[in-house]
Amino acid sequence: MNYKTIDDLGNLQGKVAMLRADLNVPMSEDFKVTNTARIDRTVPTIKELMSKGAKVVVISHFGRPEGKGDMKNSLQHIVGDLQRALGKKVVFVDDCIGEKVSAAVAKMSNDEVLLLENLRFYDEEKKGNEDFARELVKPADVYVSDAFSTAHRAHASMVAAVKERPSAMGRLMEEEVKALEGALSNPTRPLIAIVGGSKVSTKLDLLNNLVKKVDKLVISGGMAHTFMKASGIDAVNETNSLVQMDMIDTAKEIMSVAKANNCEIVLPDDVVVAKEFAVNAEHKTVGVNEIPTDGGHLLDVGEKTIASINAKLDECKTLVWNGPLGVFEMKPFDNATNKVAQHAAELTSAGKLMSVAGGGDTVSALENAGVANKFSYISTAGGAFLEWMEGKELPGVAVLKK
Ligand code: AMP
């Protein structure tokens with residue numbers, strides 16, 4: 001890898017390692033963590049730093065605080081869960097800079113971890129302020145950045161702070177970057193991308209980048225409707241689908257760039273038409289040339305399309321996936337997403353496919369399909385994953401180049 005990792009930090013015995021984690025976990029109204037994935041995935045880096053003799057000071061953002069003292073967004077609420085996940089005492093400091101922090105660091109033992117208060121209690125964090133970054137890293141000898149999910153933002157703790165100390169990416173960020181480089185920058189080909197979700201307009205950068213990089217691009221979900229219309233399927237209209245009429249020319253342009261780059265675009269062959277937009281709505285599957293124009297909603301793709309996508313997967317070595325193939329939140333319109341996800345998971349288990357997925361609803365869609373832990377890699381990052389797929393350089397990753 002072209003990036004600095006913990007292995008490049010040298011001897012950590014007796015050093016203070018500041019770890020920029022992403023502990024922005026979902027929380028209930030009564031301050032209970034509802035999904036500990038982000039905590040759990042930070043633990044290996046903390047443990048490794050501790051096992052190397054470092055004193056670990058963890059920092060993170062949390063929620064969208066309205067200034068300092070917004071206790072609803074205090075990281076204090078996660079202390080119990082972090083402690084449980086680590087099996088170590090976690091000492092909380094109700095600030096992230098200043099005297100209190102220095103005093104707590106001076107007092108800490110090797111067997112405990114310090115957790116500092118929400119970085120976003122200071123506006124300077126989001127502004128990428130360098131003075132704030134210098135204050136932040138004062139107690140640290142080395143700086144480890146592990147918050148890949150925030151790496152698309154040039155916030156103070158993601159960029160300026162990294163430059164102030166000998167620095168490295170943590171193991172979680174390393175894993176994310178390796179997976180994404182393996183899937184997009186340096187893939188084993190043929191490379192296939194599946195892009196679903198609702199609208200073309202929100203995924204333009206993504207599609208424009210993918211058609212230049214991948215060998216096959218499956219377009220499904222609501223966004224496929226615009227491409228179907230653009231390829232001459234007139235029955236697709238604004239009452240039965242999510243077609244975006246102002247995006248037809250853009251869709252045509254994307255298809256022509258794909259052609260010029262030898263990227264095969266795979267559109268639906270058949271669709272599931274439901275009487276209403278509702279769970280268990282009455283529905284039928286029709287070929288794309290038999291779509292009724294007198295009502296109904298196109299909520300999923302049909303079995304022919306599923307078989308065709310699965311056959312394309314069989315031909316490929318690497319898959320990147322973003323966005324569900326249908327309205328997966330409403331049964332039975334999760335059918336295509338589930339079947340394709342299960343097929344990708346089987347190919348992955350058989351060692352035939354390297355599969356990477358992430359962004360927005362994709363993780364819940366794959367969880368719903370029961371295969372989230374069977375993909376080669378599921379990204380914890382939403383926005384950062386998408387920006388990577390869009391081909392953009394992430395400031396929080398770029399700053400860690402060797
Ligand atoms: P996105 O955030 O753009 O990835 O979109 C995810 C959303 O797209 C999910 O909530 C799906 O329900 C929705 N979606 C997928 N396929 C369709 C469809 N055929 N019609 C309407 N919404 C869809």
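Which pocket does the ligand take up the space of? Hi everyone, let me walk you through that. The space the ligand takes is the second largest pocket. A pocket here is an open set of points, on a 1 Å grid over the protein atoms alone, where a 1.4 Å probe fits, with protein on both sides within 12 Å along at least five of seven lines. A molecule sits in one if more than half of its atoms lie within 2 Å of its grid points.

A quick word on the model: it is predicted, with local features needing pLDDT of at least 70 and side-chain atom pairs pLDDT 80 or more, while totals for chains, interfaces and linings use all residues. Residues are numbered from 1 along each chain as its sequence is written, and side-chain values use heavy atoms, without hydrogens and water.

Now, the neighbours. There are 14 residues around the ligand (a heavy atom within 4 Å), and Ser198, Lys203, Leu298, Gly326 and Glu329 come nearest. By type, the shell has five nonpolar, six polar and three charged residues, with Gly counted as polar.

Let's look at polar contacts, pairs of N or O atoms within 3.5 Å. In the side chain of Glu329, an N or O atom is 2.4 Å from a ligand oxygen. For Lys203, a polar side-chain atom lies 2.8 Å from an oxygen atom of the ligand. Gly326 uses its backbone: a polar atom there is 3.5 Å from a ligand nitrogen. On its own the ligand has 510 Å² of accessible area, and the protein covers 83% of that (Shrake-Rupley method, 1.4 Å probe).

Finally, the domain assignment gives domain 1 (6-173) and domain 2 (187-389). Thanks, everyone!

Key: A polar contact is a pair of N or O atoms within 3.5 Å; within protein, one must be able to donate a hydrogen and the other to accept it, and residues adjacent in sequence count only if both atoms are side-chain atoms. On a 1 Å grid over the protein atoms alone, a cavity is a set of points where a 1.4 Å probe fits but cannot get out, and a pocket is an open set with protein on both sides within 12 Å along at least five of seven lines; lining residues have an atom within 4 Å of a point. Domain bounds come from an automatic or database domain assignment.
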